[in-house]
Amino acid sequence: MRFIDESFQTMPWDEIDSVVFDIGNVLMYFSPHHVLDVLFGEDEPLKAELLRRVFESSHWLDLDRGTATYEQAVERMSQGRADLRPKIELIFARWMELKTPIPEGVAALRRCREKGKRTYVLSNYHQPGFEWLLQNHDFFSLFDGYVVSCYLHLLKPEPEIYRELIERCSLDPARSLFLDDTRVNVEAAMEAGIQGFWVEKPEKMTEFFA
C-alpha cells in the first residue's frame, strides 16, 4: 500500500470524489502538553501526573468510545487522589477552548469544496467536545456528514469504523481520500480500500492541495 502523496505530488482531483478529514491535528490543534501548560504553568510533577491520569488513560478512550460521561471519567481519573479532582474538572471545563483551527487544514477543506468534492469527518472524539466544535467553528458546516467515534462506540483504527464510514456516507473507497495525523489510522483506512494521506508534518496539506 502506498500513501496517495507517494503516487502524486499534488491532489489528483479527477480521481477523487470524496475527502474525509480527521479533526485532531488536521483541522484543530490538539496538544495535551499545551493544555496542561496553560492551566498549570511550570508545575512539572503535577502536569506529569495529570497527563498520565487524564490524556494517557483508558478513561480518555472511554470518552472517545462514548461509553463514559465526563462526570464518570473525572471520578475514575481522580481515584486515589481526591485532591486532583478540581484540577481534572478544570481540564474538562477548558480543554476545548484551548484548541485552535489549523489554517492549512481548513484551507484544504475549502479547496475540496471549491473543487466540488464531497467532504466528511471521521474522528475519535468525545460527544460534548464534538458538539462544542459544531457550535463554535462555522467551517464544520462545510461537511456533508460526520462519522464520530462516540456515537458509534467504535474507535479508529478498528476496521468496523471504516466500514461504517463507507456505508453511512455511500463512499466509493477507491475514489475517496482519508487524512489523519496518526499513521496507523491511515493504514487502517487503506486496508478498507480508501486512499490514504498521512499528515505527519506542517505544510504537507498546503503543498498537496495547492
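**Note on the pockets and helix H4**

1. Start with helix H4. Among the contributors to the lining of the largest pocket, H4 gives the most, with three residues. The model is a predicted one.

2. H4 spans 58-65, and helix H11 covers 183-191. Each of these two helices supplies at least two residues of the lining of the largest pocket.

3. How many residues line the largest pocket? The lining holds 22 residues. Gly 24, Phe 30, Trp 60, Asp 64 and Asn 124 lie nearest the pocket's centre. The volume of this pocket is about 430 Å³.

4. Nine of its residues are nonpolar, seven are polar and six are charged.

5. Which residues of H4 are buried? They are Trp 60, Leu 63 and Asp 64. These three sit on the same side of H4, because they cover an arc of only 100 degrees around the axis.

6. The buried residues of H4 have several packing partners. They pack against helix H3 (44-55), helix H5 (70-77), helix H6 (85-94) and helix H9 (149-152). Just after H4 comes Gly 66, with a positive phi of about 80 degrees.

7. Now the second largest pocket. Its space amounts to about 210 Å³. The residues that line this pocket include Asn 25, Tyr 29, Ile 102, Pro 103 and Glu 104. Val 199, Glu 200, Lys 201, Pro 202 and Glu 203 are also among them. By class, six lining residues are nonpolar, one is polar and five are charged.

Terms used
Residues numbered from 1 in each chain as written. Predicted model: local features only at pLDDT ≥ 70, side-chain atom pairs only at ≥ 80, totals over all residues. Heavy atoms only, no water. 1 Å grid on protein atoms, 1.4 Å probe; cavity = no way out; pocket = protein on both sides within 12 Å on 5 of 7 lines; lining within 4 Å. Points joined across faces, edges and corners; volume = space filled by probe spheres on them. Helix = DSSP H or I, 4+ residues; strand = E, 2+ residues; numbered from the N terminus. Nonpolar A, V, L, I, M, F, W, Y, C, P; charged D, E, K, R; others polar. Buried < 20%, exposed > 50% of the residue type's maximum accessible area, 1.4 Å probe, protein only. Arc of directions from axis to C-beta. Contact = heavy atoms within 4.5 Å.
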